[in-house]
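Biologist: Before I read anything into this model, I would like to go through it by question and answer. Please show it first.

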Amino acid sequence: MHTLKWLLAAFASVVASAAFAQTQLNIATVNNSDMIIMQRLSKEFEAAHPDIKLNWVVLEENVLRERVTTDIATKGGSFDVLTIGTYEAPIWGKKDWLVPFDDLPASYDVDGLIKPIRDGLSANGKLYALPFYGESSFTFYRKDLFDQVGAQPPKTYAELDQVLPKLKAAAKGVYPLCLRGKPGWGENMAYFDTLVNTMGGRWFDEKWEPQLTTPAWKKALTWYVDNMKKYGPPGASSNGHNENRALFATGKCALWIDATSAAGYISNPKDSQVADKVAYAVAPTGTVPNGAQWLWSWALGIPASTKHVQEAKAFVEWATSKDYIQLVAKSDGWTVVPPGTRTWTYEQPEYLQAAPFAKLTLQAIQQADPIHSSALPIPYTGVQFVGIPEFQAIGTYVGQQVAAALVGKESVAKALELSQAFTKRTMQRAGYYKK
Amino acid sequence: MNRALTRKWIWTVLAWGVALLVFFPIFWMVLTSFKTEIEAVSTPPRLFFQPTLENYVAVQQRANYFSYAWNSLYLSFGSTIVALVIAVPATYAMAFFPTRRTKDTLLWMLSTKFMPPVGVLVPIYIIFRDLHLLDVREGLLIVYALINLPIVVWMLFSFFKEVPREILEAGRMDGAVARDELFHLLLPLALPGIASTSLLAIILSWNEAFWSLNLTASQAGPLTFFIASFSSPEGLFWAKLSAASTMAIAPILVFGWMSQRQLVRGLTFGAVK
Amino acid sequence: MTTGASTLSAPGAVPVVRRARDKTFALKLPSIGLLLVWSIVPLVMTLWYSLQRYNLLSPGERGFVGFDNYTFLLTDPGLATAIWNTLLLVGSVLVVTIAAGTLLAVLFDQEFFGRGVARVLLIAPFFVMPTVSALIWKNLLMHPVNGLFAFLLKSVGLQTIDWFADLPLTAIAIIVAWQWLPFATLILLTAIQALDPERKEAARMDGAGPISMFVFIILPHLGRAISVVIMIELLFLLSIFAEIFVTTSGGPGNASTNLPFLIYRYALLDFDVGGASAGGVLAIVLANIVAIFLMRFLSRTIEA
């Protein structure tokens, strides 16, 4: 009798555990603060879906990109959900490496996604990744210092040229201009591309001939090098987004043009010493308004090689839904909800109140136009990158030359010459000139 | 007498000066792990401040340190044992029964390490994918054993060569022809050499940061993976990275300290005749 | 491996030798066999891919292209700089770690207070992951605004050095040398402590001062240890990557790009498997050349 009871109990527990056999999802993601919050809050998702277990693979952006690209290109199947950006999503979507999101429920409100972001993640009319957060670029500036010199935030680079010497004379120990200088297609080139665009330049003409030695590029690089030398911090060539953020937050910069997503932290007294002194403005324009504000979104996509499409879709939809945004607001506050994905976020009064930069961020994203990032005709899309697979290598190389010009190791002309040659070589090898 | 004492003090000051200087960056890292993020990057850099444990808490919350640490232990020690088991017999043969080809073989073994891993990533990745070894601990263990094998062989070779032949030949005279007897004679003599070789192999595996990132996903990642998730995100991270790194090097540092004493204790064999 | 045939055919051939020879073959087999598989398979695959057009991002376009990849690689304007930088890095770190390592080994061989603890402190840098070391040096120490060095230089009135902009290769050499110094010191210290104290005593009684002791007794004894250090460091120094990746990304310009970093650009930015494979083959050729030179140099000057 005793044995029978034991056997029955054992049998029951085996059946029960079989019923709870869990699907494991491997999620590859970047280690920025929004993702970290998502990782923490994903326990709510697991609670609502007891049959799904989430395994997190968190890496730094460059490493993540390499890892994920290697895996998806060789159909390695290591991941079920990927964090990718507006650079990869269209390219991979076109190759059918990603599962399209064509069966979203009405409650998801896919039309509520901010249009440029949604377009940036689509190819051939299909959406290949759901945006987790979106950003553009604008100007961070120190209101107190600008009041001190009696200036308004510059709307154009000409106005910026006027105010920089005044800032240098007025504030000791504060560098008037902080800009990205660390080489990388997503680092210094992200900013530099917008400068070239707004000075009237473009990467390639309609025949894919590189344009790096045109006057617009010369003008942009000269402006950048001269002004960073005169008004920028030392070591600028190793300052990426992070380092500049740290500099601004510790009060060392008067003006910084960079990602809107940093605004939440600069305005937070816990993370920043200048939370009460910072103000925001639209990024300055040059000779043309095109391409002065970049567009980027980190989004969640599903590789076609996954064996758990339904569960992966369930997670991705949850993480980019209105409910999730409200969840973050409840647990961490409205200041840190993932910005830049839905117009709905910007209709919430609590958000507008908590984030003084909200309206400006929305405006910047809506104005960013990856299709017309240059005033001249272009064969590519992308504001701060060129949406072709070869761009990673090209952008990094050119970034290195820009950094070399910045530190004075190469003249502006030489840097552009080398960049032009490299780009031409790469495009040739990739077969763009076969016709 | 006094001269000797003064000498001792001079050495003490000199040696400790160098040691502290060399150790300083690590000390600074551990110090930073107790600062808040803002303090970590502020100038002037502060030596005295209000310490906090918030970074360690945040690190542990975000990623389970213990599962990564366990993977690191398993991989480092496991691969070293495997490498030793394969290497000791081979090195014994090469050191004591050298042939014309021995030097070439050694050089060839070492040259297998000349290929930068980056150049061979895709072929290996595809092989591992087909063998279903991606994100499997044992797969990574095999890789580590194989990439450390040349170094283990080379170092063991040079340590074995230091063993005085007279002792072995005396043993052989006594009839110890069988492989096992020679092992029982040889290994104790070469133990310090084997110990330092093992230490080196363990450290190399512990710090290996290319295959550990590329061949794993969520299950088999060791501490190098853990650290990679803390470096260079958007935002301030140096305090947290310092905390994560301190947690990552603590076990190996403790182990290194303990095995150091073994090495020192065993290093009198040269004087024993 | 051995000319077993002649030993076997001679009647009454020395049985011990034959058995020993057979035994050693069996002993060596697993190690050599495994290494053979591990090195031949990827090597063959790399050679194969280096003759193909294979870009991960355009998997449809595959095909045999002969030596195209090599031509492309050899006409890369940055190749010469990359090779030169590789040699510079390897040379400078080897020289620094062995010179300083020898001196430190001699120093730490002496009796002094707290020797055990001091030794652990000295060895600690070897335990830190290269990525972490690089990040510490870059952000906490060498950063021209927030770093400790800048602070120290400013407080004595000197100008700060922008390490990674003006002296990128030097900065990386410093970081790598810091990491490998403990290894060199440990190996050399182990070797010094194996030196027979009777010989040292005999030399001292003969009136040898500390310098002659060093030059004529200690240094020759260290010959083998130094070759071990050189060969092993060579392996790792030829493939320095993490430190460059984290600090300068090979810049500014090409100033701190070495061969592995160049190949990385092919492999993981371009995803050009064909090009990367050609780069890998080139790296092996270069490394073998360097190794052969070093071996000749060592066997002529150091090894007895």
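Modeller: A term first: pLDDT is the predictor's confidence in each residue, from 0 to 100. This is a predicted model, in which local features need pLDDT of at least 70 and side-chain atom pairs count only at pLDDT 80 or more, while totals for chains, interfaces and linings use all residues. Residues are numbered from 1 along each chain as its sequence is written, and chains are lettered from A and ligands numbered from 1 in the order in which they are written.

Biologist: What is the mean pLDDT of chain A?

Modeller: In chain A, 95% of the residues reach 70 or more. The mean pLDDT of chain A is 89.

Biologist: Which element of chain A has the lowest mean pLDDT?

Modeller: Helices (H or I, at least four residues) and strands (E, at least two) are DSSP runs, numbered from the N terminus. The highest mean in chain A, 95, belongs to helix 9 (residues 215–231). Where pLDDT is low, predicted coordinates should not be read in detail. The lowest mean, 57, is that of helix 1 (residues 2–19) of chain A.

Biologist: How many helices are there in chain B?

Modeller: Chain B has 0 strands. Its pattern along the sequence is α-α-α-α-α-α-α-α-α-α-α-α. The number of helices in chain B is 12.

Biologist: Which helix of chain B gives the largest share of the side that touches chain C?

Modeller: Two residues are in contact if their C-beta atoms, placed from the backbone, lie within 7 Å. The contact takes 80 residues from chain B and 85 residues from chain C. The largest share of the chain B side, 16 residues, comes from helix 1 of chain B.

Biologist: Why is helix 7 of chain B called roughly antiparallel to helix 12 of chain C?

Modeller: Axes are lines fitted to C-alpha atoms, for helices over the stretch in contact, and angles run from 0 to 180 degrees between N-to-C directions. Helix 7 of chain B and helix 12 (residues 223–237) of chain C have axes 10 Å apart and pack at an angle of about 175 degrees. That angle makes the two helices roughly antiparallel, because angles over 145 degrees count as such.

Biologist: Which residues of helix 12 of chain C are met by helix 7 of chain B?

Modeller: Helix 7 of chain B contributes Ile151(B), Trp154(B), Met155(B) and Ser158(B). In helix 12 of chain C they meet Arg224(C), Val228(C), Met231(C) and Ile232(C).

Biologist: How far apart do the C-alpha centres of domain 1 and domain 2 of chain A lie?

Modeller: Domain bounds come from an automatic or database domain assignment. Chain A is divided into domain 1 (2–135 + 296–354) and domain 2 (137–292 + 388–429). Their C-alpha centres lie 32 Å apart.

Notes. Parallel < 35°, antiparallel > 145°, perpendicular 65-115°, else oblique.
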